[in-house]
Amino acid sequence: MNNPIRRVAIAGGTHGNELVGVHLVKHWKSAPKEIQRASFSTELHLTNPAANKALRRYIDQDLNRQFYVEDLNNTGLMGCEQQRAKVLNELLGPKEDPRIDFVIDMHTTTANMGTSLIFNLNDPFVVGMAFYIKQKMPNATLFFNPRTRLEDNFLMSVGRLSGLLIEVGPIAQGLLNYEVYSQTQSAVYHGLDYIEARNTGQYLDLPSQLSGYKFTEKVPLPVDEDGEITAMIHPNLQDKDYCEIAPGDPLFITLAGKTIYYQGESSVYGAFINEAAYYDQNIGLSFMEKIDIVLNDK
Ligand SMILES: [Zn+2]
């Protein structure tokens with residue numbers, strides 16, 4: 001590999017009420033050997049302490065949407081998370097020429113998504129990491145949304161290679177849950193092992209292609225003329241993340257008990273179904289498409 005990874009940052013609490021990442025960071029601060037590997041250094045960061053203290057996802061804005069270069073350089077953006085993003089950009093970046101090579105950002109979801117490996121950069125090192133973790137954790141789901149680092153506003157895009165977001169659920173906001181904690185922990189260990197293997201030139205027998213999902217659209221909850229929610233996720237769809245939604249399948253059920261059906265012309269797949277964090281925008285779920293992800297360094 002031309003550019004070995006020298007500095008890795010593990011982030012927790014980017015959303016302040018996602019406590020698994022917060023407590024993994026706290027745990028590793030007292031047990032740093034667990035995240036040490038010989039060929040690179042690993043730093044731990046509690047990324048949104050104000051929101052974490054308030055046990056809220058954010059104070060003013062979603063921190064994980066604040067990392068466009070133009071926003072980081074815009075001194076007029078002075079909300080809590082907008083300022084925090086600038087601090088993190090100094091600490092880990094700057095995005096234009098980052099100190100940190102790779103960011104692993106730990107999140108949780110209230111949706112039944114199991115362990116999802118979210119990555120946005122179509123780079124063989126990044127895709128290879130997701131494939132490696134999937135090999136070790138076969139139940140994990142690959143969630144790939146290709147875009148360049150500069151097109152990406154996630155925290156992990158501040159590293160030299162846009163990193164890995166580990167999203168594990170279901171878990172309520174503000175809770176710890178050992179299953180979710182240990183799945184997140186395992187995914188991080190495999191990610192670090194992968195970096196170590198690549199840095200030291202070990203041969204990894206990775207598949208050349210795996211299937212995964214790509215985000216296509218956010219689907220709003222039905223609302224009335226005053227913007228009040230009039231329906232909720234249909235019980236047949238609840239907890240069916242990554243399952244197929246065919247034309248005519250139930251999507252929502254109104255407060256009066258009437259089913260609202262999916263009207264699209266072709267099948268889609270659901271994710272973030274009934275995600276509590278998206279009620280601030282009245283979003284009911286995301287639609288995804290199933291894709292083949294190719295590892296290009298064979
Ligand atoms: Zn999150």
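Reader: How much space lies in the largest cavity?
Author: Please bear in mind that this is a predicted model, where local features need pLDDT of at least 70, side-chain atom pairs count only at pLDDT 80 or more, and totals for chains, interfaces and linings use all residues. A cavity is a set of points on a 1 Å grid over the protein atoms alone where a 1.4 Å probe fits but cannot get out, and its volume is the space filled by probe spheres set on the points, joined across faces, edges and corners. The structure holds 1 cavity of 30 Å³ or more. The space in the largest cavity is about 30 Å³.

Reader: How do the residues lining the largest cavity divide by class?
Author: Residues are numbered from 1 along each chain as its sequence is written, and side-chain values use heavy atoms, leaving out hydrogens and water. The lining (residues with an atom within 4 Å of a point) includes Asn 17, Thr 108, Ala 172 and Glu 275. Asp, Glu, Lys and Arg count as charged, Ala, Val, Leu, Ile, Met, Phe, Trp, Tyr, Cys and Pro as nonpolar, and the others, Gly among them, as polar. The lining of the largest cavity divides into 2 nonpolar, 5 polar and 2 charged.

Reader: Which residues are closest to the centre of the largest pocket?
Author: A pocket is an open set of points with protein on both sides within 12 Å along at least five of seven lines. The largest pocket holds about 430 Å³ of space. Of the 24 residues that line it, the closest to its centre are Arg 65, Arg 147, Phe 154, Phe 272 and Tyr 278.

Reader: Which strand supplies the largest share of that pocket's lining?
Author: Strands (E, at least two residues) and helices (H or I, at least four) are DSSP runs, numbered from the N terminus. At least two lining residues come from each of strand 3 (102-108), strand 6 (161-169) and strand 7 (209-220). The largest share, 3 residues, belongs to strand 7.

Reader: How far from the ring centre of Tyr 278 is Lys 218?
Author: A charge sits over a ring if NZ of Lys or CZ of Arg is within 6 Å of the ring centre and within 35 degrees of the ring normal. Arg 147 has its charged end over the ring of Phe 154, 4.8 Å from the centre. Lys 218 lies over the face of Tyr 278, and its distance from the ring centre is 5.0 Å.

Reader: Why is the pair of Tyr 132 and Tyr 194 called tilted?
Author: The whole structure has 11 aromatic pairs. Rings of Phe, Tyr and Trp (its six-membered ring) pair if their centres lie within 6.5 Å; planes under 30 degrees apart are stacked, over 60 edge-to-face and the rest tilted. The centres of Tyr 132 and Tyr 194 are 5.6 Å apart, and the pair is tilted because the planes stand at 45°.

Reader: How many residues apart are Tyr 132 and Tyr 194?
Author: The two partners sit in distant parts of the chain, Tyr 132 in helix 5 (residues 124-136) and Tyr 194 in helix 6 (residues 178-199).

Reader: Is Tyr 194 buried or exposed?
Author: Buried means under 20% relative accessible area, exposed over 50% and partly exposed in between (1.4 Å probe, protein chains only). Tyr 132, at 9%, is buried. Tyr 194 has 0% relative accessibility, so it counts as buried.

Reader: Which residues do ring pairs link into a cluster?
Author: Tyr 132 and Tyr 194 have two further partners in this group. The cluster consists of Phe 102, Phe 125, Tyr 132 and Tyr 194.
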